[in-house]
Structure formats: structure tokens, C-alpha cells
Amino acid sequence: MTASLERTLVIVKPDGYARGLTGEVLRRIEAKGYTLAALHVTTPDRERLAQHYAEHEGKPFYEPLVDFMASGPATFVIVEGHRAIEGFRALAGATDPTAALPGTIRGDLGRDWGLKVQQNIVHGSDSTESAEREIGIWFPDEVSALR
Ligand code: RTP
Ligand code: MG
């Protein structure tokens, strides 16, 4: 194993699930050559969402973000591959789906709906530390499962 083999936590958020875009997102991840190491569908509970989004507590979009994320089923995925954290962030595109470049998940499939929070289809961990922290929240049995 080389140091660049990484795991990242991807979430197809409730908007992506409700719009039937889960398969399209997973297709892009697989087409890029990353591995789907674990996957489950659940409506996220507020307690774990508060842990997941702790860095955003107090920001104007925090409460709408937790409400949105708790609003319905989402798909949680551990994605594996060399430099998968940066690679998935590139696939996802910019946070604001209006500004996200065409060719990215958010740029191709997302838009601004005029809501208090950006509904932007996917989440991807932003560092190795975040990835391991987030995997520990949503996949407690997979904490040291990197193959
Ligand atoms: P993510 O964590 O979901 O992968 O997205 P990100 O790093 O690109 O964005 P981040 O700054 O971590 O924000 C987390 C999520 O909060 C929502 N958000 N809405 N002003 C807004 O309306 C706003 N700002 C952030 C988005 O759903 C974003 O993905
Ligand atoms: Mg983030």
C-alpha cells in the first residue's frame, strides 16, 4: 500500500436521492476508476449530522443544512482509490452548483433553488482527517478497513 491510497466519505444527499441521481453519481465515481468499498441508504439522524457538520455550527446555513440533510434518505459511500479525496472533490465541483463548472456533478446536475442552503447533490470529505472522522460517524464498523 502506498501513502496515496485513500478513503473518502461520499454522501449522495437527500436532493440527489429524491431526484433519482444516486446511480448517476455512483456511475461517475466508478467511471473515474475508484472503488465503492461500502454503501448504505439511510435517513440521517440529527445527532450524527451535528457531529458531521460540527465545523459549521453557528453559521447561517447550519440549521437549514441539518434540516435538509435529515429530510429524507441519503446514500453513504466509502470511496477508495489513490488520491480519492481530491479526486472526488474535483468530480463534485464547487459548493455553489450555479458556479460549479459543467462536467462536474454539481455543475451538470445541480442548480440554485432559492433556498436558505445550497442543495448540491453530494458531499465529499475535504482531507484525510475529515475522511476518517466522517467514516467513523457513519460506518463505525469500518474505521480501520482500508485495504
Ligand atoms: P460538502 O462538505 O457537502 O462536501 O460541501 P463543501 O465542502 O463544498 O461545502 P462546505 O463549505 O463544507 O458546506 C457544507 C454544505 O453546506 C451547504 N452550504 N450551503 N451559503 C449556502 O447556502 C451554503 N453554504 C454551504 C452545502 O450543502 C455544502 O455542501
Ligand atoms: Mg465540506
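Strands are DSSP runs of E covering at least two residues, and helices are DSSP runs of H or I covering at least four, both numbered from the N terminus. Two strands are taken to pair if DSSP finds at least two bridges between them. The model is predicted: local features need pLDDT of at least 70 and side-chain atom pairs count only at pLDDT 80 or more, whereas totals for chains, interfaces and linings use all residues. Residues are numbered from 1 along each chain as its sequence is written, and chains are lettered from A and ligands numbered from 1 in the order in which they are written.

Strand 3 pairs in the antiparallel sense with strand 1 over eight bridges, and V12 has T75 as its bridge partner in strand 3. Strand 2 (residues 35-42) is also antiparallel to strand 3, with seven bridges; here T35 is bridged to E80 of strand 3.

Contacts were assigned where C-beta atoms, placed from the backbone, lie within 7 Å. Leaving out residues up to four places away in sequence, V12 touches Y17, L21, T22, V25, A74, T75, I121 and V122.

H123 belongs to strand 4 (residues 122-124). This residue counts as buried because it has 22 C-beta neighbours inside 10 Å, the cut-offs being 20 or more for buried, 12 or fewer for exposed, and partly exposed in between, with C-beta atoms placed from the backbone. Beyond its neighbours within four places in sequence, H123 is in contact with V10, I11 and K13.

Notes
Two residues are in contact if their C-beta atoms, placed from the backbone, lie within 7 Å.
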